[in-house]
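Subject: Structure handover

Hello,

I am passing this structure on to you. Please look through the sequence and the model first; my notes follow below.

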Amino acid sequence: MERPNLFEPDLDEVFEDAGFRGRGSSVGERAGSESLGASLYEIDPGDTPYPFHWHVANEEVLLLITGTLELRGPDGVRTVEAGEVVAFPRGERGAHGFRNPGDTPARYLMLSEMNYPEICVYPDSGKVGVREHVPDPADDGMRLNFRIADAVDYFEGESAE
């Protein structure tokens with residue numbers, strides 16, 4: 001079992017796509033956690049790590065370690081300072097997105113339940129993401145995204161015969 005450290009992290013998960021950027025590490029998993037997620041992220045000045053979203057199955061808690069974050073939530077935008085703890089309950093009231101408005105990297109720990117399957121809703125792009133967690137590290141499981149506008153009736157394409 002590894003011994004991850006929040007102050008000397010191994011941020012080996014680098015992501016960059018469509019203007020979203022950041023570095024991270026699944027420190028909870030590395031420490032041996034099975035039911036509680038703990039991911040450490042670092043975001044450079046001006047960067048946004050992922051789209052504005054909310055979760056159907058999982059509550060999350062943010063612990064800002066260093067730097068400053070601009071938090072967009074259901075009630076608007078506000079600044080989060082180092083040391084602050086912010087909860088994101090399940091559903092629309094827990095919608096969140098971040099941006100680093102400062103001039104130094106922002107580092108935060110995101111704690112989350114690990115309830116699967118999970119559904120994420122992305123209001124800005126009108127998408128829904130379906131996530132399955134598979135305990136095999138070599139298999140990411142199902143990760144699908146759909147446009148909400150493409151929804152069909154429950155019985156469409158079905159036949160009782």
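Which residues do ring pairs link into a cluster? The cluster consists of Phe 15, Tyr 41, Tyr 50, Phe 88, Phe 98 and Tyr 108.

Before the details, a word on the basis. This is a predicted model, in which local features need pLDDT of at least 70 and side-chain atom pairs count only at pLDDT 80 or more, while totals for chains, interfaces and linings use all residues. Residues are numbered from 1 along each chain as its sequence is written, and side-chain values use heavy atoms, with hydrogens and water left out.

Aromatic pairs

The search of the whole structure gives 7 aromatic pairs. Rings of Phe, Tyr and Trp (its six-membered ring) pair if their centres lie within 6.5 Å; planes under 30 degrees apart are called stacked, over 60 edge-to-face, and the rest tilted.

One of these pairs is Phe 15 with Tyr 41, which is edge-to-face, at 6.2 Å centre to centre and 85 degrees between the planes. Phe 15 belongs to strand E1 (residues 13–17) and Tyr 41 to strand E3, so this pair ties together parts that are 26 residues apart in sequence. Strands (E, at least two residues) and helices (H or I, at least four) are DSSP runs, numbered from the N terminus.

Tyr 41 is buried, with a relative accessible area of 18%, whereas Phe 15 counts as partly exposed at 24%. Buried means under 20% relative accessible area, exposed over 50%, and partly exposed in between (1.4 Å probe, protein chains only).

Tyr 41 also pairs with Tyr 108: the ring centres are 5.3 Å apart and the planes are at 35 degrees, so the pair is tilted. Tyr 108 lies in strand E10 and Tyr 41 in strand E3, so parts that are 67 residues apart in sequence are tied together. Tyr 108 is buried, as is Tyr 41.

Strand E10

Strand E10 (residues 106–113) is mostly covered, with 6 of its 8 residues buried. Two strands pair if DSSP finds at least two bridges between them. E10 pairs with strand E3 (residues 36–43) in the antiparallel sense over 8 bridges, and Gly 37 stands opposite Ser 112 in E10. Strand E5 (residues 60–66) runs antiparallel to E10 and is joined to it by 6 bridges. There, Val 61 has Leu 111 in E10 as its bridge partner.

Charges over rings

A charge sits over a ring if NZ of Lys or CZ of Arg is within 6 Å of the ring centre and within 35 degrees of the ring normal. The charged end of Arg 72 is over the ring of Phe 52, 3.7 Å from its centre. Lys 127 lies over the face of Tyr 122, at 5.7 Å from the ring centre.

Regards
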